Amino acid sequence: MRLLVLGRSGQVATELARLSGEGHEIRCLGRDEADLSRPKAAMGAVRRALEAFRPEAVINAAAWTGVDAAEAQEDAARALNADAPAAIARLAAETGLPFVHISTDYVFDGAGETPFATDAATAPLGAYGRTKLLGEEDVAGAANPAGWAVLRTSWVFSAHGANFVKTMLRLGAERDALRVVADQVGGPTPAAAIAQACVSIAETLGADPRRSGIYHFSGAPDTSWAGFAHEIMARAGLDCRIEEIPSTDYPTSAPRPLNSRLDCRSTEAVFGLTRPDWRTGLDRVLTELEARP
Ligand code: NDP
């Protein structure tokens with residue numbers, strides 16, 4: 001499939017780029033080519049890329065992902081997380097292309113202990129979640145007849161960029177013990193699996209735009225950040241003790257949802273995509289990092 005991706009060096013964008021050649025042609029647009037903090041101006045570049053590359057679908061892997069920074073810069077976060085996807089969704093609809101947009105568990109308030117259904121009430125706790133929710137609404141509101149999907153995911157990790165796995169590996173090599181939050185539960189999700197899911201969804205939408213909607217995709221089994229950290233240390237062979245602490249002992253500018261469990265059953269039913277086992281994804285990331293000079 002020929003795909004235009006917004007984002008180039010991000011975690012998911014990098015994994016999408018890697019699918020080039022594996023039966024897909026992927027063109028990634030980085031912020032140097034289309035600066036989505038100025039969505040109107042950026043659409044000129046996106047339009048030109050669409051004309052030159054002639055993709056069969058568009059995937060938005062670009063976002064403002066600084067959860068705490070968004071608290072003080074909500075307008076800037078909104079431009080990237082809401083205004084940009086709104087503009088891309090309109091452009092995709094206008095040019096007759098399916099559009100896959102990635103969103104987050106942070107649109108929920110994290111109450112309860114059961115997985116959030118795709119139609120569960122949203123109630124973001126902070127600016128990042130608020131701006132991502134606006135983006136979802138805009139993408140759905142564009143009602144792209146060629147097909148659209150909002151794919152909510154959580155706790156993304158990969159061998160590149162900044163993420164929890166890389167932080168744990170760095171700190172675990174330096175320290176004997178680490179205090180890690182144990183009362184936030186969710187599904188760590190390999191960026192590689194998200195990339196493959198996006199392509200698969202784009203293919204299905206291309207064939208049947210009636211599959212449009214909001215979907216969930218997160219790694220299994222659900223665990224806490226401390227549980228994830230234990231597994232990272234064990235699999236990386238690091239002798240670092242994980243001390244489990246409550247979120248109240250690790251204050252952040254933006255509050256985090258305690259329950260980030262996502263009910264992914266409709267994604268499996270509609271697209272045949274099962275939740276990826278994050279432990280397998282973690283082993284792959286560790287192997288990739290070890291192979292680096
Ligand atoms: P990263 O933070 O790794 O990458 C962000 C991407 O956004 C980069 O490709 C970057 O472009 C692009 N970007 C940032 N600013 C601009 C700008 N001004 N103009 C154009 N592009 C810009 O993100 P992830 O891969 O981790 O996240 C992918 C998606 O998953 C996002 O929608 C995010 O909200 C969502 N998500 C992420 C989670 C996580 O834990 N990280 C959890 C849940 C959902 P460039 O390539 O040029 O640097």
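**Reading contacts, cores and cavities**

Visitor: Which residues does Q11 touch, leaving out those up to four places away in sequence?

Guide: Q11 touches V156, F157, S158, H160, A162, N163 and A191, with residues up to four places away in sequence not counted. Keep in mind that this is a predicted model.

Visitor: Where does Q11 lie?

Guide: Q11 is part of helix 1.

Visitor: Why does Q11 count as buried?

Guide: The test is a cut-off: a residue is buried when its relative accessible area is under 20%. Q11 has 17% relative accessibility, so it counts as buried.

Visitor: Which side chain is in polar contact with that of Q11?

Guide: The partner is S158, and the polar contact between the two side chains is 3.0 Å. S158 is also in the list of residues that Q11 touches.

Visitor: Now the nonpolar residues. What is the general idea?

Guide: In soluble globular proteins, nonpolar side chains tend to be buried together. Here the largest nonpolar core has 33 residues, and the members that touch the most other members are L6, L36, M43 and V46.

Visitor: Which elements each supply at least two residues of this core?

Guide: They are strand 1 (2-6), helix 2 (39-53), helix 4 (74-95), helix 5 (127-141) and strand 5 (148-153). Helix 4 gives the largest share of the core, eight residues.

Visitor: What does L36 touch?

Guide: Beyond residues up to four places away in sequence, L36 touches L6, A42, M43, N60, A62, A79, L80 and A84. There is also a second, separate core of 29 residues, including L19, A195, C198 and V199.

Visitor: How many cavities of 30 Å³ or more are there?

Guide: The count is one. The largest cavity has a volume of about 50 Å³. Its lining consists of V67, Y106, L125, G126, Y128, G129, A254, P255 and P257. Sorted by class, that lining has seven nonpolar residues, two polar and no charged ones.

Visitor: What is the volume of the second largest pocket?

Guide: It is about 340 Å³. The pocket is lined by 19 residues, and E15, P190, A192, A193 and R284 are the closest to its centre. Helix 1 (11-18), helix 7 (191-207) and helix 10 (278-290) are the elements that give two or more residues to the lining.

Visitor: How do the residues of that lining divide by class?

Guide: The lining of the second largest pocket has nine nonpolar, four polar and six charged residues. For the largest cavity, the lining has no charged residues.

Methods: Residues numbered from 1 in each chain as written. Predicted model: local features only at pLDDT ≥ 70, side-chain atom pairs only at ≥ 80, totals over all residues. Heavy atoms only, no water. 1 Å grid on protein atoms, 1.4 Å probe; cavity = no way out; pocket = protein on both sides within 12 Å on 5 of 7 lines; lining within 4 Å. Points joined across faces, edges and corners; volume = space filled by probe spheres on them. Helix = DSSP H or I, 4+ residues; strand = E, 2+ residues; numbered from the N terminus. Nonpolar A, V, L, I, M, F, W, Y, C, P; charged D, E, K, R; others polar. Core = buried A, V, L, I, M, F, W, Y, C linked by side-chain atoms within 4.5 Å. Buried < 20%, exposed > 50% of the residue type's maximum accessible area, 1.4 Å probe, protein only. Contact = heavy atoms within 4.5 Å. Polar contact = N/O pair within 3.5 Å; in protein donor to acceptor, adjacent residues only side chain to side chain.
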